[in-house]
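Here are my notes on this model, written as numbered points. I hope they are handy while you look through it.

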Amino acid sequence: MNKIAIQLSGQIRYWHKSYNDWVGFKASLEKEGFDVDLHICGWEDEYTKELEYDIFTTSNLIPINKDIVIENSKLDGNWSRNQQPISLLPYSYLQYWGGRFRRLYQKQNNIDYDFIILTRPDVYYNRNGLKQTKQLSLNWEKFSQSIFTIFTDGTSNRLGGETGSYARVCSDLLAMGTEESINLFCNGFLHCYLQTSQSFYAGHHTLPGLICMKTNLHNKTYSEIFHPRRQKKGLMRRNE
């Protein structure tokens, strides 16, 4: 049986919706014959400390300086940055620590993963991801044998901001790959932290391209079928 890890890294919010979505997505993968572990790493605050993480193999919360954020709601963990630069709170930092906690669990339990899905806690797929898990199963050989390649749901070259230079821009919702590939990708945080200024020179959407340049990872855009949706406050949707 092929073993998959789903590694969630990022801000945990709208958990009353997201929790059940991940229960359903895990079940959909298991119906396709995969053995699935769920890992989560998010920011620690009053909201996240009270949540239930019983479906997760590992769950870890990283302390945050609340002086640099502002709460949008006290009920669903939704807050945003209250100062620039926006990269003061890169979730690549949570990908980095999430990867470290996952690898520690693997080492302690002698576990290897054939494939890892790296995404955010606040996203979902319609119908518990039945369409996505079927595609993963049908294309398993292509995915599982693509060493040192990350699969994303959209990459493009765009003219960048005030500099007018080209940047390799990518969606920040999803990266998939083998254990070797995702381990390299999660360590991408180390390539974008400027210790002298304690800030970052890569935003969420330019980070994947930068990591690939620094680590010699290949980046492949796969079908938009894998593009997840973001949870939003008051969102009403049909799960059928």
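Is Tyr 96 buried or exposed? Tyr 96 is buried, because its relative accessible area is 12% and buried means under 20%, exposed over 50% and partly exposed in between (1.4 Å probe, protein chains only). I come back to this residue in point 5.

1. A word on the basis first. This is a predicted model, in which local features need pLDDT of at least 70 and side-chain atom pairs count only at pLDDT 80 or more, while totals for chains, interfaces and linings use all residues. Residues are numbered from 1 along each chain as its sequence is written, and side-chain values use heavy atoms, with hydrogens and water left out.

2. Now the overall picture. The protein chain holds six helices and 15 strands; these are DSSP runs numbered from the N terminus (helices H or I, at least four residues; strands E, at least two). Of its 240 residues, 53% count as buried. Among contacts with a separation of 6 or more, 73% come from residues 24 or more positions apart, contact meaning heavy atoms within 4.5 Å.

3. Please look at the seven-stranded sheet. This sheet is open, with mixed pairing and the order S3-S2-S1-S6-S11-S8-S14; two strands pair if DSSP finds at least two bridges between them. Strand S3 (58-63) and strand S14 (218-221) are the edges, each pairing on one side only. On average, neighbouring strands are turned by 20 degrees against each other, direction ignored. Strands S8 (residues 149-152) and S11 (residues 174-177) run antiparallel and are joined by two bridges, with Ile 150 opposite Gly 177.

4. Helix H1 (residues 15-31) packs on it, touching strand S1 (3-9), strand S2 (35-44) and strand S6 (115-119), and its direction makes about 160 degrees with that of S2. Helix H2 (residues 92-109) lies across S1, S2, S3 and S6, at about 135 degrees to S2. For these angles, axes are lines fitted to C-alpha atoms, for helices over the stretch in contact, and values run from 0 to 180 degrees between N-to-C directions.

5. The aromatic residues deserve a look. The count comes to 14 aromatic pairs, where rings of Phe, Tyr and Trp (its six-membered ring) pair if their centres lie within 6.5 Å, and planes under 30 degrees apart count as stacked, over 60 as edge-to-face and the rest as tilted. Trp 15 and Tyr 19 are edge-to-face because their planes stand at 75 degrees, with centres 6.1 Å apart. They are four residues apart in helix H1, so about one helical turn separates them; both are buried. Tyr 96 and Trp 97 are also edge-to-face, at 5.5 Å centre to centre and 75 degrees between the planes. Trp 97 counts as partly exposed because its relative accessibility is 23%. Ring pairs also link Phe 34, Phe 115, Trp 140, Phe 143, Phe 151 and Phe 226 into a cluster.

6. Finally, the cores. A nonpolar core is a set of buried Ala, Val, Leu, Ile, Met, Phe, Trp, Tyr and Cys residues joined through side-chain atoms within 4.5 Å. The largest has 32 residues, and Trp 15, Leu 136 and Phe 226 have the most contacts inside it. S1, H1, S2, S6, helix H4 (140-144) and S11 each give two or more residues to this core, and H1 gives the most, with five. Another core, of 15 residues, lies apart from it and includes Ala 5, Tyr 105, Ile 150 and Phe 185.
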